[in-house]
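Please open the structure in your viewer and keep the sequence panel beside it. The tour below moves from one selection to the next.

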Amino acid sequence: MAESDESETDESARFMFPRWANYLFPAALIVAIGVLTYLPLLLTLGLSPETRAVGYRPAQPIPFSHAVHAGKLKMDCRYCHTTVEHAAFAAIPPTQTCLNCHASIKSESPALEPMRTSFEKGTPLSWIKVHDLPDFVYFNHSAHVNKGVACVTCHGQVNEMEEVRQDQPLSMAWCLECHRSPEKNLRPRDQVTNMSWDALAATGKSPLELGTELAAQYHVQSQPFMTSCSTCHR
Amino acid sequence: MTTYQDERLPVPTPWRLIRELKLRRPPWWMVLALIVAVIGTWIPLALIYQARSKDSQLPRVHFFHDMDKQAKFTAQAAHPWFEDGRAMRQPIEGTLARGHLHHDAHFYDGYTQDATEGIQFVTALPQQVAVDATLIARGHDRFQIYCALCHGASGTGDGLVNQRALELKEAKWVPATNLMTQEIRDRAAGQLFQAIRDGVRNMPSYGAQITPHDRWAIVAYLRELQSTSPVAPPITAPTATAPAATPP
């Protein structure tokens with residue numbers, strides 16, 4: 001009896017949708033919604049400059065430590081990057097600048113061998129550029145530094161970096177964020193290279209309040225000018 | 001054919017229950033595929049998280065190269081056309097850019113030189129430089145950047161680099177001069193200027209790093225600093241700068 005029942009239902013089951021098929025449509029809908037949110041999320045996160053550009057830390061020809069020079073020894077940025085206040089490009093110092101001290105300090109160090117070779121032969125050291133904007137962007141260091149934008153704002157805590165790494169995305173959206181409202185990133189000109197300056201502690205004003213004053217004092221350009229294409233692209 | 005629902009009182013025989021379960025559940029491989037697919041979506045996210053939280057020695061990935069790297073010379077860039085590998089060219093020897101002729105000895109050298117009297121350091125600041133609060137402030141600023149490393153913010157020679165060199169017991173290091181001694185105070189302004197430009201003893205030349213105007217500003221600031229600081233005792237015979245390490 002039971003056996004005949006079984007064979008009969010098995011035959012009919014071949015032509016019957018199984019009961020789980022009822023859930024196939026809602027399940028497919030959920031999966032479709034999932035895919036449609038997942039793929040844009042993946043693209044946005046994966047292609048964003050925060051993923052691709054931040055954290056770029058190339059190996060340099062000499063393991064020059066900003067943590068020692070700018071951090072421990074508290075050397076001012078401008079000791080080496082002398083052109084930053086009056087040129088578009090913050091120059092990488094000539095080998096001579098290294099030798100100002102290293103002619104007598106650690107003068108035999110094997111790590112500094114490339115520097116000595118560079119000086120003897122007169123060939124430049126090939127430092128790898130970390131903060132590299134596209135060639136169609138005409139960034140000018142002096143324009144920023146003289147309006148009170150600090151080094152640390154774009155370059156991060158370089159005084160704590162053993163090897164320089166890219167700290168900010170340096171994307172156009174990131175640039176525009178500040179170009180639309182620069183006030184919160186302004187500080188007095190003489191504090192531009194200070195790596196641990198706090199507006200509230202130093203002046204008793206909030207960064208925004210102080211920045212608004214400084215923007216007027218330093219004649220920071222108007223928002224339409226600063227967000228105009230030709231301000232950065234020529 | 002009677003189905004499960006047709007019966008008023010379906011008798012839940014074991015066989016019927018198994019068949020019922022089979023009908024309700026999708027096949028196991030389908031369930032497995034779905035679970036694997038859902039877990040699989042986490043892999044790219046985990047890779048992105050890793051890329052965001054870890055530093056990389058590889059440069060950023062460029063998806064669109066259009067004009068990112070243009071065929072032009074940029075500041076301090078390398079270029080294979082030239083023997084020394086630099087795209088930036090040096091001025092041709094024996095030539096000067098317009099406005100770069102340093103003919104004013106007082107302003108650019110700090111001394112005058114003639115055959116009879118030899119080198120004469122100027123004692124006054126050149127007339128191009130007006131001593132005012134702005135100049136002193138500029139001098140203070142530049143002093144802090146270039147001089148204070150060795151000579152110290154107070155000019156007494158207690159700068160961090162000097163301290164570090166003494167700490168490392170560098171044999172070649174000559175301790176930074178105390179700028180507050182009478183000897184330095186008596187030096188002509190031009191001599192101080194020339195020392196910054198060309199260097200003195202162990203001190204290297206800062207002519208390339210500090211512009212002539214800024215050098216005069218530093219001289220003016222140094223005079224200001226000297227006038228407000230106590231005179232330091234003269235440097236006598238080389239005394240032990242650090243407490244002598246007694247051999248065990």
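How many helices and how many strands make up the secondary structure of chain A? Select chain A and colour by secondary structure: there are 14 helices and zero strands, where helices (H or I, at least four residues) and strands (E, at least two) are DSSP runs numbered from the N terminus. This is a predicted model, in which local features need pLDDT of at least 70 and side-chain atom pairs count only at pLDDT 80 or more, while totals for chains, interfaces and linings use all residues. Residues are numbered from 1 along each chain as its sequence is written, and chains are lettered from A and ligands numbered from 1 in the order in which they are written.

With chain A still selected, turn to its overall dimensions: the C-alpha atoms fill a box of roughly 105 × 50 × 40 Å along the principal axes. Of its 234 residues, 18% count as buried (20 or more other C-beta atoms, placed from the backbone, within 10 Å of the residue's own).

Next, select domain 1 (24–53) and then domain 2 (84–92 + 131–232) of chain A, whose bounds come from an automatic or database domain assignment; their C-alpha centres lie 35 Å apart.

Finally, show chain B as well, and look for the 46 residues of chain A that are in contact with 48 residues of chain B, a contact being two residues whose C-beta atoms, placed from the backbone, lie within 7 Å. On the side of chain A that touches chain B, at least two residues each come from α1 (2–13), α2 (24–47), α3 (49–52), α5 (77–80) and α6 (95–102) of chain A.

Definitions and conventions. Buried ≥ 20, exposed ≤ 12 C-beta atoms within 10 Å, placed from the backbone.
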